[in-house]
Each structure stands twice: as structure tokens, then as C-alpha cells.
Amino acid sequence: MSSLQDLRRILLRIDGRGYKAYKDIEGVYQAGSFTLFVDHVQGDPFAAPSRLRVRVPMKVAGFPGQTFSNRSRRTALADFLTRAFYREADKLERKSGSGKSGMISIDRPGQEILERTSVIITSEWVEARFVVGLPAAGRRVLGKVADEILTSKVPAIVEKSLFYRNLDHEALNLHITTAEDADALRAALRKAGLVAFVADGSILPRRSGIDPRPLSQGTVVTFKSPPSLSRAFRLPNRGVVRGMGIPEGITLIVGGGYHGKSTLLNAIELGVYNHIPGDGRELVVTVKDAVKIRAEDGRRVEKVDISPFISNLPFGRSTRDFCTDNASGSTSQAANIVEALEAGAGVLLLDEDTSATNFMIRDHRMQELVSKEKEPITPFLDKVRQLFTDYRVSTVLVMGGSGDYFDVADTVIMMDEYLPRDVTARAKEIASKYRAERKHEGGDRFGDITPRVPLSGSLDPSKGKREVKIGARGVKAILFGTHEIDLSAVEQLVDPSQLNSIGQAMYYAREKYMDGARSLSAILDAVEQDVAQGGLDVLDRRPLGDYAGFRRYELAAAINRLRTLKVRQIGGENG
Ligand code: ADP
Ligand code: MG
């Protein structure tokens, strides 16, 4: 194997030459205490930066076994090391020269602790995957500057961020135990009959709509469960924790405007992920199969059976295999629910703020004016109970605008100046005192979820000369070949690296599992199982550092939003 001296020799030799000469450094170098891989050299200074890896033997890195002894800990340790590497790289990086010259960077996690490919930990070694903008003046190689980056700055970053002895042990331990406790709590929810849990003392509000760090200015009300909903769990590290349990079934969150309803629901939505210490939501956890649902007018829908909610469209258009390039508020919300159920959702989370009114409610007076025959929509109100009895799918719903839901709710939580109160008994009392005169319109069963088979030919990741071109635009869109998949209404996506891996997973699923016979849900099972077994690296032949963990629901959401998607229904009228 070459040494760092060999690398230096090449860099000094190509100094001043055309940028392409950098290709000569692709390879593997023994760098004293670690191994440096130069996997991919960028084509020019303005292209995506070059991809590198360092691998430190565990004996040298020195992490005690208990810091990565299970999946929770390993993921949290990798996350911690990614953050440490980012900080050190940020300190030493000096951008100068053309394009990305001088850049040294690694994936940058936010408030969540996600599985990532930025740092991989095995019992044998620790590997960090990062990028470097190989420096240039114009398009000429700056060999001496590159030498400083690769043979002096990178080793310094490695030593500071990947060696146990140089890290803050207390912070590392807190990171790991926080994630482990959250995972343990999440795993205990279903057995306790709960779908979510919000620990007393949690801080739910965020700084702003674009800053997900905890609110710290002004009055911040810390969370406290009402006595009747209070539950206790014993966690492996923190011991006993108390807080509000949200039971299975149908839960309404009511209360005046600006009293904290949406803030609570948002915290529950993101409770499917673990949070970093100091986030305020470390012990706000939700079962893994909880899916946020909202209206999303304008989206495309491909042969979704929305007949449980919508039938008798004008001019006899079918809703058993409903297609549109431009869904309305109500049809998009119906499709979002049916697609989530198809993907296996066990809990639906809805907020009136982002729901279509005519999808949620239809009161007595409107029933009198517009007869059932003239109204294609069966409101969610008449279906939410059946979802639970027929499919065991629970719902948590923010609804400050209509008391009609009191009839179907199991639990009613009122947010009152940011604090929850259990008003279930009072709501039931009101419901029996003032009977809603409206008629039930939902029939006696929810209806079938018709499975669909995605057709591989309709997913084309190619662009120009490139056979595969996949990327992310923040957390808002995936670029898949020449297509842009709009995910701005898929609210449980938190990290651009999730979109990278989802885009790649679409391609992986197409190549490996879309055979014209497998249903979408079977394909999701297969991909999920592969990733669980082999990690996110199974998705790509290249060792990339910018993939992050994602759920099957968001993968399904991306497939369903690809505007070219074609499917065949199984067993439906058109199967
Ligand atoms: P609602 O959905 O009931 O109308 P929101 O959840 O949108 O209310 O909250 C309204 C405002 O109050 C938001 O700016 C939010 O950040 C803030 N807020 C929410 N919960 C708290 C809290 N516990 N402490 C302080 N401010 C809060
Ligand atoms: Mg709100």
C-alpha cells in the first residue's frame, strides 16, 4: 500500500498542471494510525467535491465496547462522531481558490439522531466518509495546498474527532444513553396500549418555522401531563420517567387558537425519531408507524382506491382507481390516507390547519342542503372509528373547530395556555347533552385497501448521458432523472440525506424488486429488510457518506409522488 509520502510526491509532481491530473491520487494510503481512501476525484473545481474515507482500527480509535454494544448505541455513537468530525473540519477548512477549493466537510446532522453512512462503526474499525474540494487556481492543480489538506489537516481532524481519548466522554455518554432510552421507550409503547408519550419537562416549541432548535426566548412552558393520562416507564439509563401517554384509538387535541395544539402534534410527528440531548423532545416518542396526513392539492395520484372516502364523482368518474394530475384538497387527503394504509401505517396524525375542511366535517345543516347523493365525500368523521375497528389504525387529530368529533373520540386533550388537560368526560357529557343531529354517512365498514403493483418502466432515473442521476433539493424535493418529486407536503422528512437515500432506494427497488408482480407493500418490506440487515450501504455500490435512515412511509410517499408512476391494481375492478 502507498504511504502519505507517496501521496505527497504525486501532489507535488502534479502541482500547476491541469485539474484532471488530480485523478492520479485516487487510491488507498497508509497514513500512520489510519487508512485514507481517495474514492472519487471530482472532474473540475466546480463539480461536486471529491469523496474520501478514513478508516481507523478500533484498537487505535479506542472506543469502549459499551459505546456501540447495540443498534441504538452504535447509531448514536456514529452520529456523535459525525458531529465531532464536522466541527473539527469546519475549524480547519479554508476555502480559497476556484469553485469548491479547500472545502473539507462531512454530512451535518440536525436535531435528530438518524442512522447514517457518514460514519460506520464495526468492532474492527471506525470509518468516516467526507468530501474535499481539491484546490485549484483557475483550473490548475494547487498541489502544495492539497498536500497540506490531505497529509496534515485530515490527520488532525481524524485524531480530534475519531479517537475516543480526545472526545468529551460525558457528552458522548449522554448522547448514547439518550438515544437508547428513547428507543426503549418507543419499543414499550404498544404493550402499554399507547401510540405516543410526552415526558413531563419536555420542551415542545421551536425557535421558528425554519429553526428547529428549542424555543429559548420569552416564556417557555414545559410540558406536564394531566394526572389522568400520566404514565410511568422505567428506562435503561434514566430510570423512571413520567409523562402523558396518548392511548390507542381516537384522540382529539382541542383548545383555543394559539394554545399549542399544533406544536404538540408536531412533536408527536417527529417522535418517530430520536433527538439529541438538549433538544427538549428527547423523551417525546411515537410508535414507528405513525404517519402525518395532510391535504396536498395539486399532487398527482395514480390509481388509488379512494372509494372509502370519495365516490360518485361528477360524470361517473371512478374512485376505485382514481387518477389525477391535479388533486383537490379533499381527494389529495383521501389519497394520502389510503396510500399510508397501503404502506402499513398504524397511526394517522392530522391537523385541522393542514386539512381540507370538507374532508374533515359535514354538519347537519349541510346534509340537509346538499343530499348525500350529491356529495362525493364521506367525511373523515364518519370513517375514523371504522379505521380503528376494521384495521386497528389509531388517529390523533388536532381539531379546534368542530365538536362533532366528540362522538367518535376515545380521548380528548385540551391545550390550555400550552398545558394539556384531560377533558374527555366533559366532552362526552356535552356530546350527549347536545346531540349532533347529523346522520352517519360512512356505512358499516371502512372499505378495502386495494393493493397496487408499481411498474418498473415508469421509474426512469436517467438524465442525458447519465444512466442514473438522483439527488435531493433540501428536504423539499428529490431529483430523479429528469423528474422532480415534490415532497414539501411530506412533513416527517427532516434531513436532506434522507431524500438522497430515498431517491436511491427507489432506484434500488426498481432494479431489484419491481418485477410487475410484487405489490408496493411487498417491495417496501423487501427494501426495509435489506436495509435493516445490511445498512444503508446496500443501496449503493459506492461508499457514500450522505445517506440517512428513512421509513417505508416516506419511501412510498416519494414513489407515489413521481409524476410518471404507473401501477396495476391487484384484485380491484381493473386488476
Ligand atoms: P395552535 O395550533 O393551538 O393554534 P400553536 O401550536 O401553533 O397553536 O402555537 C402557537 C404559538 O405558541 C407558536 O408560536 C408556538 O411556538 C408557541 N408555543 C407553543 N407551545 C408553547 C410552549 N409550551 N411554550 C411557549 N410557547 C409555545
Ligand atoms: Mg394549529
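**Exercise 1.** Which ring does the charged end of Arg55 sit over, and how far is it from the ring centre?

*Solution.* Keep in mind that this is a predicted model. Take Arg55 and look below its charged end: you find the ring of Trp125, with the centre 3.7 Å away. Now try Arg392, which lies over the face of Phe388 at 4.2 Å from the ring centre.

**Exercise 2.** Work out how the rings of Phe197 and Phe233 are arranged, and what the pair connects.

*Solution.* Start with the count: there are ten aromatic pairs. For Phe197 and Phe233, the ring centres are 5.3 Å apart and the planes meet at 85 degrees; anything over 60 counts as edge-to-face, so this pair is edge-to-face. Next, place the residues: Phe197 is in strand β11 and Phe233 in strand β14, so the pair ties together parts 36 residues apart in sequence. Finally, check burial, where the cut-off is under 20%. Phe197 is buried at 0% relative accessibility, and Phe233 is buried at 11%.

**Exercise 3.** Classify the pair Phe309 and Phe359.

*Solution.* Their centres are 5.0 Å apart and their planes at 50 degrees, so the pair is tilted. Phe309 lies in the loop between β20 and β21, and Phe359 in helix α8, so parts 50 residues apart in sequence are tied together. Both residues are buried. They also belong to one aromatic cluster, together with Phe380, Tyr391 and Phe446.

Methods:
Residues numbered from 1 in each chain as written. Chains lettered and ligands numbered in written order. Predicted model: local features only at pLDDT ≥ 70, side-chain atom pairs only at ≥ 80, totals over all residues. Heavy atoms only, no water. Phe/Tyr/Trp six-rings, centres within 6.5 Å; stacked < 30°, edge-to-face > 60°. Helix = DSSP H or I, 4+ residues; strand = E, 2+ residues; numbered from the N terminus. Buried < 20%, exposed > 50% of the residue type's maximum accessible area, 1.4 Å probe, protein only. Lys NZ or Arg CZ within 6 Å of the ring centre and 35° of its normal.
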